[in-house]
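Okay, thanks everyone, let's get going.

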Amino acid sequence: MSDNLFFNVSRLRHCGKNVIIGKTVRIRYPELVSLADNVIIDDFTYISTALEVAEYVHIAAGCKLIGGSSSLVTMGPFSTLAPNVVLAAGSDDYTSGIAGPFASSEYKAGAVIGSINIGRHSIVGANTTILPNVTLHDGASVGAQSLVKVDLDAWTLSAGTPARVIGRRDKQKILELESTFLAGDQDVR
């Protein structure tokens, strides 16, 4: 793992083996971030939330995982964020209160602070936004430029603004591929 320009990697709550973090990844609260083995976080990604990442996860370039230190994002094994995804585990309803990082919670009348859970084998397409308190159940995937405001059922393919189910994924085939992959004891490098 190379040196990072914006935070000290040793401050991460946990960092497994075979972890690659781009030099320009910015993590505001590294002490709230736990990365399992075989994780890649590409350059120009910004993380300002508590984050728990399982093994074999890829977060592509330019993603934003936001919400503040009281919010949480979890990513299951073999899940993927395509470029420029926004996971907003904390947000505002924009009807009242003071916005911005300097106002404490008593001034943010409409703030929604929660979690986003990305299940095993879930894929989030490029330029998609997921709002607070949403779960992508195992195998759920969402196409590019979608807006996800509600939970997505397991092994479905959704797309749109707001996202809606447009198809199903082949659970059996995907789990067979995972089994074959793990049996080969792959090295991600």
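Let's start with phenylalanine 44, which is exposed, with a relative accessible area of 59%. Keep in mind that this is a predicted model. So where does phenylalanine 44 sit? In the loop between β5 and β6. Most residues other than glycine have a negative phi.

Now, there's another spot like that to look at. Asparagine 133 also has a positive phi, near 60 degrees, and again that's not a glycine. You'll find asparagine 133 in the loop between β15 (129-130) and β16.

One more backbone thing. The peptide bond from threonine 161 into proline 162 is cis, with omega near 0 degrees. Most peptide bonds are trans.

Okay, on to the inside. The largest nonpolar core has 35 residues, and the ones touching the most other members are Leu35, Leu65, Leu81, Leu87, Ile130 and Leu136. Several strands give two or more residues to this core, among them β4 (33-35), β6 (46-53), β8 (64-75) and β16 (134-136).

Let's zoom in on one of those leucines. What does leucine 87 touch? Leaving out residues up to four places away in sequence, the list is Lys64, Leu65, Ile66, Val73, Leu81, Ile116, Ile118 and Ile130.

Notes. Residues numbered from 1 in each chain as written. Predicted model: local features only at pLDDT ≥ 70, side-chain atom pairs only at ≥ 80, totals over all residues. Heavy atoms only, no water. Core = buried A, V, L, I, M, F, W, Y, C linked by side-chain atoms within 4.5 Å. Buried < 20%, exposed > 50% of the residue type's maximum accessible area, 1.4 Å probe, protein only. Helix = DSSP H or I, 4+ residues; strand = E, 2+ residues; numbered from the N terminus. Contact = heavy atoms within 4.5 Å.
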